[in-house]
Amino acid sequence: MQRDEHKTTIYGHLVRVPELPFWGRVTIDLQIGLITKIERGEHLEADHMFGGDCLIFAGLGDVHDHLREDNTGKQNYKEDYTTGAAAALHGGVVHVSAMPNTVDPVIGGQQFQWHRNRVRELDHPVVILNYIGVDATTRPLGKAGEYPYKVYFGKSVGTLTVTYGDELDTILGHYREERVSFHVEYEPIVQMSVGGRTHSDRRPVECVNEGLRLLLPLIEKHGIKAKLCHWSTGGKSFEIIAEYRARGCDIELEVSPLHLYFDTSMTDEDPSLWMKVQMNPAIQAPQHRSDLIKGLKNGFIQYLANDHAPHTEEEKFSAFGQFKNQFPGKTNKEIADIVRDNSPDLFAEICVRNNTSGAPWLDTHGLICCWLMREHGFTPQDIARVASYNPGVFVNRFLPFQFLDRDFGKGFGDLAEGYMGSLTVLNTKKETVVDRKDLKTKVGWSPLEGETLPGAVEAVFIAGVRY
Ligand SMILES: [Zn+2]
């Protein structure tokens, strides 16, 4: 084969939606960063060769991340664009979309511009997009469909919050036909449930379902193209969503690895898990988890989305801060260890109290894809659909308005001519022990720490360059 320094070739088992994996060679033009050729066939020569243990996907994408950095810098101790992007790359993720609930929320053109300038200045190989937050004071930035918006219906983390249905009606009236992602939890039910024993009791299924009952008629009324974030419940909520989809509403769903991996049977058995898995909305009973896994596999749910939400361990163990006076100089986690050794019952009781919600997930994204294939019977094409193709379709429409002077060709999500030369190679035969020394997130811990996951991220290519 003729060596061409402006091109790179990659050979292996290629995965596209909806085909079966096939042997083939991808050619990427390094000057434009795009795929110029896909050839089918076995035993083709290439610069980068991957064997039968590996699957080659169009680069994985994540449509829901909290990267923390903003002009105040106040939360840069948790994460910043550079460390968040490094965690993404480590997890096999080539594009991420940052949520707007930073300390100075991204709600207007000025803040949005600050973030776009910052992303441009950093010039990280991982492509970073920004959502724009919505509240009672905001209006769309451009023409319908040019920017991704986020509404916090219910209080989560940060100050961007819409509490009541009539308030939401007025707001969505300004965002007709726009593409809006929603956090859905009905705050009055959360308030009624504050006395609950565990985080799931304090944020019960009903607060999600009631939020949904209020939200979907408004989505229909205002022609919103909706994406419901980190979906946490099956059962009734699936029925309500199916009913509105049947009426022609555009409603997509994300599910987070946390809701796919954990349920309340596990936290009942080991309350210390709450320190890793508290998030909003809360994990629920095993039946919900199994509905979510099934829904992601059969296409009811469109996106595997991390909701990467880094908090420090000190913040995750915040309920143990009440003993600070007794243990001067100790961290919350050190205090938790002492309490556990001295009084297991007291330890269990403090663990179920309210701590900080959210966990870092970008580092382990590729491993979760391998786990879904190995443990839950996802086909490689299923993974390509929920982790690569659908996230690609979601962001491609926004790229020209976020990167004014960069050409992404046909964008992300497919192994085809004209698409980005960004590929994720997963080794499905290896195993990976999740170890904090390997993590790139600034907070340096993972809910999966110590677990052995099937698979490994073998290689990541961005615009043809191997990382
Ligand atoms: Zn989130």
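In which sense do strand β10 (residues 148–153) and strand β11 (residues 179–184) pair, and over how many bridges? Select both ranges: the pairing is parallel and spans six bridges. Two strands count as paired here if DSSP finds at least two bridges between them, and strands are DSSP runs (E, at least two residues) numbered from the N terminus.

Before moving on, a word about the model. Residue numbers start from 1 along each chain as its sequence is written. The model is predicted, so local features need pLDDT of at least 70 and side-chain atom pairs count only at pLDDT 80 or more, while totals for chains, interfaces and linings use all residues.

Stay with this pair and show tyrosine 152, which stands opposite histidine 183 in β11. Now widen the view to the open sheet of six strands, ordered β9-β10-β11-β12-β13-β14 with parallel pairing. Select 132–133 (β9) and 303–304 (β14) to see the edges: each has a single partner strand, so one side of each is left without a neighbour in the sheet.

Next, go to residues 7–15 (β1) and 22–29 (β2), which run antiparallel and are joined by eight bridges. Show lysine 7, and you will find aspartate 29 of β2 opposite.

Pick glycine 24 and look across to its bridge partner in β3, arginine 40. Last stop: the hairpin of β2 and β3 has four residues between the strands, and there glycine 33 takes a positive phi near 75°.
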